[in-house]
Amino acid sequence: MGYLRDAPDDWLPLRLVDQDGTPLLGAELPPHDTVLAIFRWMVFGRVFDQRMLSLQRQGRIGTIGSIRGQEASAAGLGVAMRGEDWLAGSYRELLTYMVHGVPAETLISLYRGGVPGPFPEGVRALPVQIVIGAQMPQAAGLGLALKLRQERAAVVACCGDGATSEGDFHEGVNFAGAHHLPVVFVVQNNGWAISVPRARQTASATIAQKAFAYGMPAAQVDGNDALAVYEVCREALERARRGDGPSLIEAVTYRLGPHTTSDDPTRYRDETEVKAREAEDPLPRLRRYLEHAGLYEEGLQERLEEEARESMGMAVATAEAMPPVTPEQVFDLTWAAETDGARRERERALLELREVGEL
Amino acid sequence: MKANVVEAVQDAMRIALREDPACLVLGEDVGRNGGVFRATDGLQQEFGEGRVLDTPLAESSIAGVGLGLAAAGMHPICEIQFAGFLYITMNQIGSQVARLRLRTGGSLKAQMVIRAPYGGNVRTPDLHSDSFEAIYAHTPGIKVVLPATAYAAKGLLLAAIEDPDPVLFLEPMRIYRGFREEIPDGHYTVPLGQARVAREGGDVTLVAYGAAVGTALEAADVLATEGIQAEIVDLQTVAPLDAETVLASVRKTGRVVVIHEAARPGGLGAEVAAVIQEGAFYSLEAPIERVTGWATPYPFVQAEGLYVPSAARIAAAARRTLSA
């Protein structure tokens, strides 16, 4: 007896900057302009989130998921990516999408119930995923294409802790491992899958350790330490671009807001837990680092917030000026090569609408 | 060249791999083993492991990886080993592949083919024998194609590979090696979305597709000995449906039997019957008959010969339309 072994449980999340903004001894930190870029995007993410919630309350957009508290993970990752990399993420990674080049107005249009695209020419991203985990095998497919064409680029596949329970998570990560593909899997473990806590999602001590079963290296990182997220993503992305294969990053963060605007988190989680986590908010933490490093100019955050509000104002105006989706557009976008039978269906549907004056 | 259906399928893939550097084949056992039906036999040897890939045993990822490849500009041909396993791929095909173009405002397209052998009466376990075309025909955004002959198999598969929309290509397992016929050697296509008249006749229209076309032809031979001339419409593409070819035949005959081996409720027979009553109601001389599988799951081997429509059942249904 005594044949069975446990997995190692000596994980310590990577951290480069402390809660109070002090860099850890010997930490190699990104260059100043990179740090400032991450800070600027985090501020933008916070303003975006606030604005989207208020648009939802005014009935100008539909249900939307809050990203508050997860800006460090999203921006650290996004800034580490390059234009030639692909992004396959979900509704919790809207900030990463914007860092990667998807304009805010495109996402606002999506949440207004409009056509979510096209993305600007050259922006390499799959549509914002709604079905949990479905992007994981798709990311493996993108990685396979990059590998076969010998492109020096990587794929980023993002999901949350809940998605790691999905079959598609297993299938996608396993495929990337088996075919040694240039994919970086980034799991934002925000502690909650709607109302189900991380501990009910999996008995694994960490999500990071799941990577070992798929034959790839992993890191667990303090997801509220933007610079640690950036550095670990950079390493994983460079490794993938070099052709050294996939890896998995678990960013441990916290969803400060509700799952979506339709969710009431007081039904399932203690407000004292949220209060405690507010103290670990990644945005003031990075600001404290900037101050510590002498990079913070007086009024910087307020200036960035003002810029973000202005840019969001323009994005909202652009999105709201977009013409509503037409039935013709839906048919146009369904088929690239419409057959006679499909055309017959289109004409019948339009005729029916015209007959009653709905078109 | 002389080819049966599975050889025609293989020839189409060989031509596509040769002519289109973006084309690749992936699936379970498609590489070294050449596929459990030998549909990809020799392709990995000829084109290498980068063009003909063995995947892990996971159908959802085969379809999902296909989407990723297509989004990146490749033209994947994904093999699902048996259509019976297509339920597992439903989210990737129905929610993802079929909607990629719409959900990206046209930025990305899923130029990909998902091939799967379908249908029963080959004495394989029940869960391998399903016909799921109606489920995917109910999922607009993906074309659903079922060849009935070796000629059609090659030409339709090449057309599917070249089509900018995703195509579910269901190959009738029962006639994979049923017969060899002369087909052109090189590249040719049979257009998607078009039915064909497989046999002309003026008394009754038999609408079928896939392996059922052969059974309908047998039934037509029997009916001919009784002086009944059956016209057979082979749908070839069941989604989007080529209504005009069906309606033209019904306007001529006034009598219709729709045949499929898939389960009866919500099957293609219901759709075809609805299209006919919308478009040719006043030409009908008799109620539309359906000869189909039952309203049960696909049964065990000992009963499958009774489940899959036979020539006798088709002929009997045709006679009912004539005596109505």
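In which sense do strand β10 and strand β13 of chain B pair, and over how many bridges? Strand β10 (residues 204-208) and strand β13 (residues 256-260) of chain B run parallel, joined over three bridges. The legends below walk through this pair and other close-ups. The model is predicted, so to speak of local features a pLDDT of at least 70 is needed, and side-chain atom pairs count only at pLDDT 80 or more, while totals for chains, interfaces and linings use all residues. Residues are numbered from 1 along each chain as its sequence is written, and chains are lettered from A and ligands numbered from 1 in the order in which they are written.

**Figure 1. Chain B as a whole contains twelve helices and 14 strands.** Helices (H or I, at least four residues) and strands (E, at least two) are DSSP runs, numbered from the N terminus. The C-alpha atoms of the chain fill a box of roughly 60 × 40 × 40 Å along the principal axes. Of the 324 residues, 60% count as buried, that is, with 20 or more other C-beta atoms within 10 Å of their own, the C-beta atoms being placed from the backbone (exposed means 12 or fewer, partly exposed in between).

**Figure 2. An open, mixed sheet of five strands in chain B has the order β9-β11-β10-β13-β14.** Strands β9 (196-199) and β14 (289-292) of chain B form the edges, each pairing on one side only. Pairing here requires at least two DSSP bridges between two strands. Neighbouring strands of this sheet are turned by 25° against each other on average, direction ignored. Helix α8 (residues 212-225) of chain B packs on the sheet and touches β9, β10, β11 (230-234) and β13, with its direction at about 175° to that of β11(B). Axes are lines fitted to C-alpha atoms, for helices over the stretch in contact, and angles run from 0 to 180 degrees between N-to-C directions. Contact is counted when C-beta atoms, placed from the backbone, lie within 7 Å.

**Figure 3. B:Leu206 and B:Ala318 are among the residues with the most contacts inside the largest nonpolar core, which has 209 residues.** Such a core is a set of buried Ala, Val, Leu, Ile, Met, Phe, Trp, Tyr and Cys residues joined through C-beta atoms within 7 Å. B:Leu206 has B:Val257 as its bridge partner in β13(B). Leaving aside residues up to four places away in sequence, B:Ala318 touches several residues, including B:Leu206, B:Val257 and B:Ala219.

**Figure 4. Strand β7 (residues 247-252) of chain A is largely enclosed by the rest of the structure, because six of its six residues are buried.** A:Ser247, A:Ile249 and A:Ala251 cover one side, and A:Leu248, A:Glu250 and A:Val252 the other. β3(A) pairs with β7(A) in the parallel sense over six bridges, with A:Ile249 as the bridge partner of A:Val186. Strand β6 (residues 218-222) of chain A is also parallel to β7(A), through five bridges, and A:Gln220 stands opposite A:Glu250.

**Figure 5. A:Val187 lies in strand β3 (residues 183-189) of chain A.** A:Val187 counts as buried because 29 C-beta neighbours lie inside 10 Å. Among the residues that A:Val187 touches, not counting those up to four places away in sequence, are A:Leu248, A:Glu250 and A:Ala251.

Methods:
Contact = placed C-beta atoms within 7 Å.
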